[in-house]
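Below is what I looked up, entry by entry.

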There are 2 protein chains.
Amino acid sequence: MLGRVYPSHFTFSPTSFPASMSLLVIGSVAFDAIETPFGKTDKIIGGAATFVSLAASYSTKQVKLVAVVGDDFPQSDILTLQEHGIDTEGLQIKQGEKSFFWSGKYNTDLNSRETLVTELNVLADFDPIIPDAYQDCKYLMLGNLTPQIQRLVIQRLVNRPKLIVMDTMNFWMDIALDELLQTIQMVDVLSINDEEARQLSGEYSLVKAARKILALGPKFLIIKKGEHGALLFHKKQIFFCPALPLEDVFDPTGAGDTFAGGFIGHIAATDDISFENLKRAVIHGSAMASFCVEKFGTERLLNLTQEEIQEREKQFGDLVRVEEVLAQ
Amino acid sequence: MLGRVYPSHFTFSPTSFPASMSLLVIGSVAFDAIETPFGKTDKIIGGAATFVSLAASYSTKQVKLVAVVGDDFPQSDILTLQEHGIDTEGLQIKQGEKSFFWSGKYNTDLNSRETLVTELNVLADFDPIIPDAYQDCKYLMLGNLTPQIQRLVIQRLVNRPKLIVMDTMNFWMDIALDELLQTIQMVDVLSINDEEARQLSGEYSLVKAARKILALGPKFLIIKKGEHGALLFHKKQIFFCPALPLEDVFDPTGAGDTFAGGFIGHIAATDDISFENLKRAVIHGSAMASFCVEKFGTERLLNLTQEEIQEREKQFGDLVRVEEVLAQ
């Protein structure tokens, strides 16, 4: 096929990957209250690990969650995760304590937001206990958390996973840079946004920024640009995946975590860490994120079909495809 | 070749296009004084038509310029245009008057700028006279100017060009919306940036914005996103071309005009207004713009080779290419 960007039969049906390897996901499982120009919510289920796990569950049924909630967290929401094949043995429920709560308000352009409330609650003294049944995990996704806890998880695994992906944010660059750099040094893939890449490197050019950040340890760097797509850097290679121009962008909350979940989910499902396969993982992650923003919170991620996902992935190819010109 | 986005032999050597049709370019030819985080200039040659003509001159040697300058405009700069094969018969030189002058300062992120000085001078009462020798032009590029003058040029052409491309900016949306809408109605391709598309349509979603703007008359809409690439809309089709991640971005001045010049230059050279060819024109325009920002003003556009341009175009394909997966 001419002008093919990636195959249209590109599929992620979990059953079609006998290779599927177990994926350990750590991060926050929390309550969010969100306000966008299009509406607002009361407390709804959120948190990095929630979005990551749900997104990954469409690629592999071997997602193992490590997180902590209070006894205010609804059993029904835990059931929802289990119904998606997510192992919640590592989800600690602290009696008499409250779950992590974040409340934010997005500006009209949706590219910037204001944090209204952050209540750490159970996250304040989170001790990430890894159940023995999780020790065989081959892939590790470190969702946004304190870099100390992220590092602790790596140290508590008897065998180093085949690939460790870390998501973080500017907040840790501001208050815990040394801890952050120690953890970054231990991972294979770092996922941050363009502003954070510029802050972490002190470089405006994302090419220069990527070079400096890759020198900190990671073999791969993902720079997320929200509605402008995502870049994947490896050595001197660069891959760019656009974001799909959408009819409706409703709520960006969790889009980055959903991207990360789709990304690592595809890798765990295919058990292939080549640069070419990481490119496909970026496309799959972008497709998953494009669903996430269409509704509030996790709503759009609860009932996706493989057909919907495949159709979305195909649109990424169509968006950049140019047919071959006949030789002059 | 697998995963080919567009052909690597993709070339724009003017001589390789016997089809090459004449291109009429109208816009400002002016002095700019620019300040970026990386340095500042005194008065240097600038103006929309200057960037458009120079960029187009790498695709076709049939560029015919209509513009106005004062007697303060250096003969040497006019010679530079002529040396690039640009016909300056339509460049009026007003004795005793001064050329249009713009001075601006870019903020650290380079995505926003502040206008320090705008002296219309000769542009204040510009009467765009079309030399008879220009009447045969098959393509028309309306560089950013008052919509009244842009419309006047269309009206003064005996035969309507095969394709009319119009570039404009938010300034005219603010002070001359009705005039602007009248002119937009008469063109085939409108080129604006994402902010302007949102302002003109009142829609946040670029998909919805494009639908509304295409309903105003143009068959094609280009939405420029600066360092984030460009979108081409036609009916229900969308094409996205990324911007190349660059080592050094030095001065964005004229990047949009250079993009437009490369875009229309490729179309005039190939004499093909199909959607597929317009996609290639967007890639070529993006490649030309990627050179423009590497130095101050027009400097980087003065001595490009076809090899450099081809190499840059190839990089756009490499950036989004994903190899085919073997069927499972």
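Helices (H or I, at least four residues) and strands (E, at least two) are DSSP runs, numbered from the N terminus.

**Ground rules**

I am working on a predicted model, where local features need pLDDT of at least 70, side-chain atom pairs count only at pLDDT 80 or more, and totals for chains, interfaces and linings use all residues. Residues are numbered from 1 along each chain as its sequence is written, chains are lettered from A and ligands numbered from 1 in the order in which they are written, and side-chain values use heavy atoms, with hydrogens and water left out.

**Strand 11, chain A**

I began with strand 11 (residues 189–193) of chain A and found that 4 of its 5 residues are buried, so I noted the strand as mostly covered. Next I checked its neighbours, counting two strands as paired if DSSP finds at least two bridges between them. Strand 10 of chain A runs parallel to strand 11 of chain A, with 3 bridges. I wrote down A:V165, whose bridge partner in strand 11 of chain A is A:V189. Strand 12 (residues 220–224) of chain A also pairs with strand 11 of chain A in the parallel sense, over 5 bridges. There I picked out A:I192, which has A:I223 as its bridge partner in strand 12 of chain A.

**Helix 7, chain B**

Which residues of helix 7 (residues 206–214) of chain B are buried? I got B:L206, B:V207, B:A209, B:A210, B:I213 and B:L214. They cover an arc of only 160° around the axis, so they sit on the same side of helix 7 of chain B. My list for chain B has strand 11 (189–193), helix 6 (194–201), strand 12 (220–224), strand 13 (230–234) and strand 14 (237–241).

**Salt bridges**

My criterion is a side-chain nitrogen of Lys or Arg within 4 Å of a carboxyl oxygen of Asp or Glu. I count 38 of them over all chains.

A:D271 and A:K162 make one, at 2.9 Å from N to O. A:D271 lies in the loop between helix 8 (255–270) and helix 9 (275–292) of chain A, and A:K162 in the loop between helix 3 (147–156) and strand 10 (163–167) of chain A, so the pair ties together parts 109 residues apart in sequence. I get 18% relative accessibility for A:D271, which is buried, and 32% for A:K162, which is partly exposed.

B:K162 comes out partly exposed at 33%, while B:D271 is buried at 18%.

I also noted A:D318 with A:R321, at 2.6 Å from N to O. A:D318 is partly exposed at 31%, but A:R321 is buried at 10%.

**Positive phi**

B:D271 came up again: its phi is positive, about 50°, although it is not a glycine. I place B:D271 in the loop between helix 8 and helix 9 of chain B.

A:N121 is another non-glycine with a positive phi of about 50°. I found A:N121 in the loop between strand 8 (113–119) and strand 9 (139–142) of chain A, partly exposed at 26% relative accessibility.

**Cysteines**

How many disulfides does the structure hold over all chains? I count 0, taking a disulfide as a pair of cysteine sulfur atoms within 2.5 Å. A:C292 is in no disulfide, and the nearest cysteine sulfur, that of A:C241, is 15 Å away. A:C292 is buried at 0% relative accessibility. I have B:C137 down as buried too, at 5%.

**From the record**

UniProt has an unreviewed entry that places "domain: Carbohydrate kinase PfkB" at residues 24–299 of chain A. I keep in mind that UniProt positions are given in the numbering used here, feature names are shortened, and annotations may be inferred rather than shown by experiment.

Conventions. Buried < 20%, exposed > 50% of the residue type's maximum accessible area, 1.4 Å probe, protein only. Arc of directions from axis to C-beta. Contact = heavy atoms within 4.5 Å.
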